[in-house]
Amino acid sequence: MSEKKLPTHARVVIVGGGVMGVGLAYHLAHEGWGDDTILLEKAELTSGSTWHAAGQITHSTSSFGLGKCVDYNIGLYSGALEAETGQPVTWHGCGSFRLAYTEDEMDWLRHTLSVGRSLGFSIELVRPERVAELHPFYNLDGVLGALHTPDDGHVDPTNVTMAMAAGARQKGVRIFRNCRANNITQAKTGEWVVESEMGTITCEHVVNAGGTYARQMGEWSGLQLPMTSMTHHYFVTEPVPEFQNLDTELPVIRDDRKVSGYIRMEQQRGLIGIYEKENPNSVWHDHCPWEYENWLFDADYDRVMPWLEESLNRMPIFAELGIQRDVHGAISHPPDGNPLIGPAPGVRNYWCCCGTQIGIGWGPGLTRELARWMVHGAADISMREFDPRRFGSYATKDWQVIKAEEDYCLRHEIPFPHFNRLAGRPVKPSPLHDLLKSKGAVHEEVFGFERPRWFARDGVEQRDHYSFRRTQADDMVAVEVKAVRERVGIMDVSAFTKVEVSGPDAYALLDRLTANRMPQKLGSITLTHMLNRRGRIELETTIVRMAEDRFYLVCAAFFEQRLLDHLTQQRNDEVVQITALSADWSALSLNGPRSRDVLARCTDADLTNAGFRWLSAQEITIAGHKVWAFRMSYAGELGWELHMPNAACLDVYTALWAAGGPHGIADYGSFAMNVMRMEKGFKGAGELTNEVTLAEADVQRFARTDKDYLGKDKTLNTDLPWICAYLEIEPDGEIDGHGGEAVMLDGCVVGSAASVAYGHTAGKILAFAYVKPEAAAPGTELSVVIHGMPRAARVLGEPAYDPGSLLPRTDSALEAAR
C-alpha cells in the first residue's frame, strides 16, 4: 500500500526506500516516533542497490561495534522480524566458513575469534577436515584452517526490506512510493523543507538514505558527503546436479585469498561473488541518473576472470556448468569503507543513513543505533567509525574516487591492525612532513593530516610492517619510548584539533558544556569532557584560558567537526566567535627529563616550577617566533606542548633539535605516544565514547558536582552496567592483543578490551577494558582471550608508570634524570 496525499509537516522525513531508509523507519517507530515519520521513495522500495544484493551476513568481523549490529541483524532475520510482522523474510541459516591459507590469515581468524567470544557468538576455529565434513565439494588445497560461524546465513533482501516496511507501517510510519524528492533546503527557522513530486513537506529532521543518489542529494543542501559508486559482480550458475539431493544447505564459503569473495548455494544453483583486487570500476562520478531503477551493468568478464577461474578451481563441480545469470550492480563505498551513519557536518538535524556497502549485513543494526541517536541523543554503541563528521573539506570528489577504489580492492584483504591506507596522500601535510619523512618517519592520516607513527632507524625499512604479532616497528617504538623516558623526545602533533572560542559569553558557553571546572586564571589549563543530553561522552578536550574572553581548545584530530558542531548547536543566545585554527596552526610536543634543559636553550622564559607552573600556559619566544607553551604531558613526563602559526613551525623545530643534540633528543610518533599514555593509565578515544558516562569510564574525578552542565543529571547514576578497568596482562613476547578481546572472570565473559598495548618501560601488556562492576576492583584476577587463548590478567589500582605522577611536576633536572 502506498499513501496518496503527502502531509505538509512531519517530525522526520526519510528520503530513500532501500534497506537503510526502511530500516531506519522501522527502528524510529520502535523508539516511539512512528506516527510522525514519513518515508519517500522515488520508485518502488528496494529498487536501488538493495534488490541486487547477495544478502549474506556473518559473525566473522573483528569490529566490536559492527559485531553487535550483525548479531542483532541475524536474530532479526532468523525469526524475530517475521514473528512480529507476519511477513516472510526467507532466512537461510546455513552457517559459514572463512578460510585461511597463510599464518597471517590464521592470526586474523584468531583475533576475530577473540572478539567474537567477547560478544557471545557461536564461533570456532577449525581444521580443514571440519570444513570438508560440512562442505565436501570445496577444494581445500593449501587451506590451513577456517573460522566457523554456524549461526550465519543469507536472506532475501527484498523480503527483509518489505517486512521492515510492514513493521514500520504497523507502528504509524507512512511510506510514499513513486514520490521522488528533488530538493532539500533549510528554512530560516532551522526546519528542513523537502520538495517532491507529490508536494512540499517541512520537517524537524531530514534523513538522507539515498544509496547511490546520496552524494548528489547532499549537494542540494550544500553538503559534501564522501562516497563513490563501485560496481560488483556475482554470478549464478546453472543447476548443480550434486546439490539436488542434499539434506541441508551448504555453508557459505568466504575465500579472501583465492576467490576474493564468496561462494554459496542459491537454491539448487551456485552463486559466486567477486571483489577483484585490481582495476576496480567506479561509476557516476558526477551523479547517478535519476531514471535508473533496478539498474544493472553488463558483466565485465575480463575484469574478474582471474578470480572467476580460480572459483571454478575451488568448486570443481561448477567447472562444466554455464553462467545462468550475472549481476553487476553499483554499491556505495565511502573513502574508508565504513558507512556514513549520523549527523551531517555543520548543520542541525540533517542525518546520514547512507554510504553502506553491505546494507543487508550491517543495515538494521546501524539504523537501530541511528534511531536511538536521533530520539535519545546518543547511540548505544560507539559510532566513531561511522560518524559522517570523520571527514572534512579535504574529501573532494576526485579524492573520494581514489579512496573508494582503494577500499574496493581491500574488501577481501587482511584487516591488519593499524592498516595504513596510502592512496590519495598526503592531503594535509604539516610544515615538518617532508623533513620528518627524510628522517625515517612513517606517517598515518588523521582527519586528512599526516602524523608520524614511528621512525625507521638502524636499517629497518621505512614502511608499515603489518602483522597481528610484534614487528620491527615495535622495536623502533621501544627505542622512542626509552628516549622520552630517559632523555628527551619531540613529536609533531600538528594534527590535533585546535579551536578558539572568544567573545563576551565564551566562558558562559563553555562552562555550560563542560563537566570540569573551567580554567579561572589567565594561562590556566583544564582537562574536561563535553557530554550529550544522555550524559554520554561526546569528546575530551583541553581548555586553555588565553585571555579573559578567549579560550583555546585542543582535542583529538578526528573530533574537529564534532567539536565545532557541538559548540555551535548548543549555543543559545551567547555572543561568541568559534574559530577553527587546525589548518593554520602547528604544534610540537617536547617531553622527557631533559625537556626543560632543551627548551631553556631556546627561550628566555623562566621554566622553573615557580616561573612556569604545571598545567599553565605562557606565550614565549623561540627562534624569533611567538609561541604558546603549555606545560602538560600526555607521556607522563616533564614536558611542554608548543602551539604556533604554521610559518613558525620549521624554525622552532630546528632550534629545539639543535638544542637537544647534547641531550640525545629523538623524534617519536603516535605509536610511542600511545604506549606511554597506557603506561600512565590515561584514557583515550578508545575508552571515551558515546557509549559511556563519566562514571562508567571511571573519569568522574574530572566532573564537578557544584555546577550545572549538559548531561549532568545522567552522570549521577550509581547502578553501572560496566566500568572501565585498567589491566596488566601476562605477556608472551610476540602477541599483545589489539582491542575487542573477551575478558573473563572464573571462566565467564564479563567484558571486553578497549585498548591494548605493550608497555616497554613497564615490561608488561597493559589494557583498558569495560567489565562488569564485580570484575573491576583492583587486584581482581581475570583472563583475557588474546589470539584465541586465555591469558592471565589482573586489575591495577594505579598507573604502571610513575603512579604518583611526580615526574611531570619536577623542578630539578637532577630529579628528572632519576
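Which loop holds Pro 593? Pro 593 sits in the loop between β29 (585-591) and α14 (595-600).

## Basis of the model

This is a predicted model, in which local features need pLDDT of at least 70, side-chain atom pairs count only at pLDDT 80 or more, and totals for chains, interfaces and linings use all residues. Residues are numbered from 1 along each chain as its sequence is written, and side-chain values use heavy atoms, with hydrogens and water left out. Helices (H or I, at least four residues) and strands (E, at least two) are DSSP runs, numbered from the N terminus.

Pro 593 counts as buried at 2% relative accessibility. Buried means under 20% relative accessible area, exposed over 50%, and partly exposed in between, with a 1.4 Å probe and protein chains only. Pro 593 and Gly 611 are 18 residues apart in sequence, and their C-alpha atoms are 18 Å apart in space.

Arg 601 lies in the loop between α14 and β30 (617-622). Its relative accessible area of 53% makes Arg 601 exposed. Arg 601 and Leu 656 are 55 residues apart along the chain, with 8.2 Å between their C-alpha atoms. Neighbours within four places in sequence aside, Arg 601 is in contact with Ala 659 and Pro 662, where contact means heavy atoms within 4.5 Å.

## Nonpolar cores

A nonpolar core is a set of buried Ala, Val, Leu, Ile, Met, Phe, Trp, Tyr and Cys residues joined through side-chain atoms within 4.5 Å. The largest such core has 48 residues, and those touching the most other members are Ile 14, Leu 24, Leu 28, Met 164, Val 207, Leu 370 and Met 374. At least two residues of this core come from each of β1 (9-15), α1 (19-33), α2 (64-85), α5 (157-170), β20 and α8. The largest share, nine residues, is from α1.

A second, separate core of 41 residues includes Ala 181, Trp 284, Cys 288 and Ala 557. Not counting residues up to four places away in sequence, Leu 370 touches Leu 24, Ile 341, Gly 342, Trp 351, Cys 352 and Cys 353.

## Second largest pocket

A pocket is found on a 1 Å grid over the protein atoms alone: an open set of points where a 1.4 Å probe fits, with protein on both sides within 12 Å along at least five of seven lines; lining residues have an atom within 4 Å of a point. The second largest pocket holds about 500 Å³ of space. Of its 21 lining residues, Trp 351, Gly 377, Arg 533, Gln 569 and Gln 570 lie nearest the centre. Two or more lining residues come from each of β20 (350-354), α8 (359-376) and α13 (560-570), and α13 gives the largest share, five residues.

## Helix α3

Helix α3 (residues 103-118) has 16 residues and spans 23 Å from first C-alpha to last, close to the 22 Å expected at 1.5 Å a residue; the expected span is 1.5 Å times one less than the number of residues. Of its 16 residues, 13 are buried. Gly 120, which follows α3, has a positive phi near 80°.

## Backbone features in loops

The peptide bond from Arg 425 to Pro 426 is cis, with omega near 0°. Pro 426 is placed in the loop between α9 (397-409) and α10 (433-438).

Ser 260 has a positive phi near 55° without being a glycine. Ser 260 belongs to the loop between β14 (252-255) and β15 (261-266), and at 0% relative accessibility Ser 260 counts as buried.

Conventions
Grid points are joined across faces, edges and corners, and a volume is the space filled by probe spheres set on the points.
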